[in-house]
Amino acid sequence: MRIYLSSLVVMIGVFKLHMWGMDGAYTRIWWLDIASHTLVSFAIALCIGGLITSLSPSIHHKKLLIVALTFIIGFAWEGLEVYYNITGHPLWSYEYYFDTIKDLIDDTIGASIAAYITTRKGMKYKGGINESPLAVETIKINNQ
C-alpha cells in the first residue's frame with residue numbers, strides 16, 4: 001500500500017510543479033520540463049510496479065515490463081501533444097524532435113529508477129491486492 005501512496009504523493013507534487021511551470025516557469029527554468037517528465041514517469045512506474053508485484057509476484061523481467069509500460073504511456077502522451085498541438089515547438093521541426101526524444105529519455109530514466117525501487121530484494125508489499133490483513137485458519141473439530 002505504501003507504494004501506491006508514494007506514487008500519489010509524487011503525482012500531487014508533479015501536478016503542483018506543472019501548474020507552476022504553466023504560469024511561465026517552463027520558459028524561465030530550463031530544467032523544469034526534465035524534472036516534470038522524470039517525476040511523473042517515476043510515479044507512474046511506481047504504481048505499475050506495485051500493481052505487477054501485487055497481481056503476479058513471480059513474473060519474470062519485472063523491471064523491463066515496468067519500464068516498457070511506462071515508456072508506452074509516455075509515448076502516448078507525446079502523441080496527445082501532437083494531436084492537441086501543444087508540443088511547444090513547430091511540428092516536425094528540429095526542436096520538436098529534440099524535445100520529444102528528450103522527454104522520452106526522461107520518462108525512461110524515471111521509470112528505471114522506480115523499477116529498481118519496486119523490484120529490489122527485500123522489498124515487501126503489505127496490503128497488496130492478493131494479501132489480506134485477516135488470516136484464514138483451519139479449525140479442527142474433534143469428534144468424540
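This is a predicted model: local features need pLDDT of at least 70, side-chain atom pairs count only at pLDDT 80 or more; totals for chains, interfaces and linings use all residues.
1. The lining as a whole counts 33 residues, and the pocket has a volume of about 910 Å³. Helices α1, α2, α3 (62-83) and α4 each supply at least two residues of that lining.

2. The residues around the largest pocket divide into 14 nonpolar, 12 polar and 7 charged. Those nearest the centre of the pocket are H18, Y26, D33, H37 and E81. One of these, D33, returns below as the salt-bridge partner of K102.

3. Overall layout. The protein chain has 4 helices and 0 strands, and from the N terminus on its elements run α-α-α-α. Of its 144 residues, 35% are buried. Among contacts between residues at least 6 apart in sequence, 67% join residues at least 24 apart.

4. Helix α1. This helix covers residues 2-28 and bends by about 80° at M22. The buried residues of α1 are I3, S7, V10, V14, L17, G21, G24 and A25. They pack against α2 (32-55) and α4 (94-119).

5. S7 as an example. S7 has its place in helix α1. Is this serine buried or exposed? Its relative accessibility is 5%, so S7 counts as buried. Leaving aside residues up to four places away in sequence, S7 touches A43, L46 and C47.

6. Salt bridges in total. How many salt bridges does a search of the whole structure find? The search finds 4. A network of salt bridges links D33, D99, K102, D103 and D106.

7. K102 and D33. These two residues form a salt bridge in which the closest N and O atoms are 2.6 Å apart. Because K102 lies in helix α4 and D33 in helix α2, the pair ties together parts that are 69 residues apart in sequence. With a relative accessible area of 18%, K102 is under the 20% limit and therefore counts as buried.

8. K102 and D99. D99 also forms a salt bridge with K102, with the closest N and O atoms 3.6 Å apart. Both residues lie in helix α4, 3 residues apart, which is about one turn of the helix. D99 has a relative accessibility of 13%, so this aspartate counts as buried.

9. K102 and D103. A salt bridge also joins K102 to D103, the closest N and O atoms being 2.8 Å apart. Both K102 and D103 are buried.

10. Points to look at together. The following items may be viewed side by side in the structure. D33 is one of the residues nearest the centre of the largest pocket, and D33 is also part of the network of salt bridges that includes K102 and D106.

Definitions and conventions:
Residues are numbered from 1 along each chain as its sequence is written. Side-chain values use heavy atoms; hydrogens and water are left out. The bend at a residue is the angle between axes fitted to the seven residues ending there and the seven starting there. Buried means under 20% relative accessible area, exposed over 50%, partly exposed in between (1.4 Å probe, protein chains only). Contact means heavy atoms within 4.5 Å. On a 1 Å grid over the protein atoms alone, a cavity is a set of points where a 1.4 Å probe fits but cannot get out, and a pocket is an open set with protein on both sides within 12 Å along at least five of seven lines; lining residues have an atom within 4 Å of a point. Grid points are joined across faces, edges and corners, and a volume is the space filled by probe spheres set on the points. Ala, Val, Leu, Ile, Met, Phe, Trp, Tyr, Cys and Pro count as nonpolar, Asp, Glu, Lys and Arg as charged, and the others, Gly among them, as polar. A salt bridge is a side-chain nitrogen of Lys or Arg within 4 Å of a carboxyl oxygen of Asp or Glu.
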